[in-house]
Amino acid sequence: MATARTPQDATGTGGPKRVSRRVKGAEGTGRRVGTGRPGGRLRALGRALRFPVTGTARGIRRATHAHGAGESGLGKLIELHGVNGAGDVMITVALASTVFFSVPTDEARGRVALYLAITMAPFTLLAPVIGPLLDRVPHGRRAAMAGAMLARALLALVLSGAVVTGGIELYPAALGVLVASKAYGVVRSAVVPRLLPPAFSLVKANSRVTLGGLLATGIAAPIGAGLQQIGPRWPLYGAFAIFVTGMFLSFRLPPAVDSAKGEDVALLAADERHLHGPHRKEVKRPGLRTVGPAVTHALGANASIRCLSGFLIFFLAFLLREHPMTGQSAAVSLGIVGVAAGTGNALGTAVGAWLRSRAPEIIIVTVVACVLGAAITAAVFFGAVLVACLAAIAGFAQALAKLSLDALIQRDVPELVRTSAFARSETLLQTSWVLGGAIGIAMPLVGPLGLAVGAAVVAAGWLTTVRGLVVSARHRGARRARVA
């Protein structure tokens, strides 16, 4: 009997055990079954080469789709906004190198002035109508975002020829890129409320989207600079590829983006007489009648900060090129200020997500006052460190004030007209940035004088809105106390 069971053990129970031990022993020596064949080695090499890309993609997907953002579709919008920021920075690198860095300072100033005259002056006229035009196509928001991406992709190809030949087509193409970029921004602001996860406030959602764009911009900027070293066309080729990708990503947004159920057209007004008096009669295109002064005062304060931002970008660009920081080149000086502004913007976005919607009026009043104090200090004690600090504080305040404005719109504007209010407020802020940039170009390159002008712009915005915002915050607190 014992001899009869021995063959079964060798081919049955005993056999597999010995085979298993041999496989385990092979693994212990670092060898995997099958890797000795050429096909197995190639597959392993392919997995190793793909891992940096696939691993990074999975990490990005986990971050953007966390806390319900994947189910609501907000994660896809965050990724789309990152693509948008990366494409815009590629075009910015190419144009800055062509219009600004490639010629002497005096000629560069003339070129940038011409650039503003041909591109941003018409944009100032076009920007106020972008929001109303997009209000008329609420059912085609995905198509509008895809169209903005496709337009910039095609214009990037036009610019790739213009940056080499110096042809006049550079300016209308740059205007088209600017208009398409702002059209995307307006539609994106209107889309966010449609994609809110259940546990998200609008401030938190906008913080996620903004941070996604900032991170993508930070990654794409050095890549664009590296492509610029190959040739002036290459950043624009990169922009073309990025925007084409964004076009396809636009159509991957949820169908809820194209829904206009319950929406109306917003008409911003600043006082009770305009909100309720003239609009009591039925009109063909009803306007926004229940916004209240808090939103419009907050919008005015944000416009002053956005105007300062545009001013600082252009004024400091020429000032630091002519008078760079001690011991640094013009490019390094501009890079230091740019990094300071970007860091402040990212920090303001993170703080805004943490504060959520607590006392947004007081937050706006406080951050604008901080910017005003920083601008006055930098004007009086002008120096490289204070200029960098002003850039960081301005970036911080711009991000936090914009998120607080979003919180006020969410709180005070009925859902019926909320998306339209977002579109129109975004248009006004972009127009303010253009105005600030024009002032920065016109200013003489005297540091204290320029920063004093910037401080005056912020002071005008703060003094005209602080009382209304504080009164609104007090009334809001009193209403909560009475309800309690």
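Student: How many of the 22 residues of α8 are buried?

Tutor: This is a predicted model, in which local features need pLDDT of at least 70, side-chain atom pairs count only at pLDDT 80 or more, and totals for chains, interfaces and linings use all residues. Residues are numbered from 1 along each chain as its sequence is written, and side-chain values use heavy atoms, with hydrogens and water left out. Buried means under 20% relative accessible area, exposed over 50%, and partly exposed in between (1.4 Å probe, protein chains only). Helix α8 is largely enclosed by the rest of the structure, because the number of its residues that are buried is 19.

Student: Is Cys307 buried or exposed?

Tutor: The relative accessibility of Cys307 is 8%. Residues under 20% fall in one class, so Cys307 counts as buried.

Student: How many disulfides does a search of the whole structure find?

Tutor: A disulfide is a pair of cysteine sulfur atoms within 2.5 Å. The search of the whole structure returns a count of zero.

Student: Which helix is the place of Tyr237?

Tutor: Tyr237 has a relative accessible area of 32%, so it is partly exposed. The helix that holds Tyr237 is α10.

Definitions and conventions: Helix = DSSP H or I, 4+ residues; strand = E, 2+ residues; numbered from the N terminus.
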